[in-house]
Amino acid sequence: MSQRLLIFGDDHSPHADVAWLWINNHRWRGWHLQVITAEPVFPPRPDPDLSPDLQPWTPPNSRHPFADAGFAACEHLHSNDDPRITLSGHTSDLTVVGTRGLGHVKGLLLGSTADDLLHHPFNPVAFIRHADPARHILVGVDTSEPSRHGVEVLAGLPWVTDTTVTLLTVNNGSDAGTAVQNAVGVLSAAGAVVTPRYADGRPAQVIVQEADSCDADLIVLGTSGLIGRERHHSPSISAEVAHHTQRNVLVVPMPFQTDDTDPSSSSTTG
């Protein structure tokens with residue numbers, strides 16, 4: 001099995017400090033860690049579609065992962081590109097970023113790096129608001145491919161064995177029976193304690209309410225990853241949830257996503 005990679009987007013802010021502590025409150029035995037700082041220069045590079053120009057560097061205040069986190073290696077990288085370009089253009093098994101605050105207005109401000117990654121993720125991205133380790137996780141489950149991939153990504157995290165998972169299906173409980181059974185099988189095999197839950201209502205609102213009700217440390221949602229103009233006029237359910245919850249959110253897009261992807265319709269992903 002190839003080495004797993006976690007990318008931490010570090011802007012040296014207090015919110016990045018929280019995300020860094022969240023990372024170190026989990027076990028990542030054998031994973032590789034890249035701490036990436038992107039500081040754009042002006043004028044910007046003429047072709048922003050080029051791969052990020054990442055260089056090894058020693059920051060003034062280097063991040064040193066806790067020994068208990070178990071990383072196999074840690075390296076610091078620097079880019080002179082826009083953070084949104086750098087973090088979305090670098091493939092990882094998980095990208096972790098902090099946010100600017102809580103709630104709809106202060107949480108993920110339009111135009112911020114976090115907001116851009118939320119609406120157009122190329123990798124699984126964890127948006128971290130608090131440093132508590134994930135012990136109780138709420139997962140949105142439906143019949144879509146993004147939902148299935150979200151379950152698989154969660155099952156591949158090394159600390160999932162320490163978690164209790166609530167699988168939430170909104171509005172299509174009977175239709176999603178097979179998807180729920182498959183999700184239970186995948187997560188149970190990974191070592192999680194899994195409970196299905198069915199509810200009706202407006203999906204984003206129900207997800208936020210259920211996460212509050214079960215005091216979830218983390219919400220996991222698959223997403224079709226809306227792009228271009230579409231993302232500004234048709235906010236995804238995952239984006240709605242991230243904007244309206246005070247909890248950590250892991251958004252998982254389909255791998256190798258392209259602009260002409262035909263996303264599956266769903267009620268708990270978007």
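Student: How many of the eight residues of helix α9 are buried?

Tutor: This is a predicted model, where local features need pLDDT of at least 70, side-chain atom pairs count only at pLDDT 80 or more, and totals for chains, interfaces and linings use all residues. Residues are numbered from 1 along each chain as its sequence is written, and side-chain values use heavy atoms, without hydrogens and water. Buried means under 20% relative accessible area, exposed over 50%, and partly exposed in between, with a 1.4 Å probe and protein chains only; helices (H or I, at least four residues) and strands (E, at least two) are DSSP runs numbered from the N terminus. Helix α9 spans residues 237-244 and is mostly covered, the buried count being seven.

Student: Which residue forms a salt bridge with Asp-17?

Tutor: A salt bridge is a side-chain nitrogen of Lys or Arg within 4 Å of a carboxyl oxygen of Asp or Glu. Asp-17 lies in helix α1 (residues 14-24) and its partner in the loop between β3 (54-56) and β4 (73-79), so the pair ties together parts 46 residues apart in sequence. The closest N and O atoms are 2.9 Å apart, and the partner is Arg-63.

Student: Is Arg-247 buried or exposed?

Tutor: Arg-247 meets Asp-212 in a salt bridge of 2.8 Å, N to O. Asp-212 is in helix α7 (residues 203-213) and Arg-247 in the loop between α9 and β11 (248-253), 35 residues apart. Asp-212 is partly exposed at 42%. With a relative accessible area of 15%, Arg-247 is buried.
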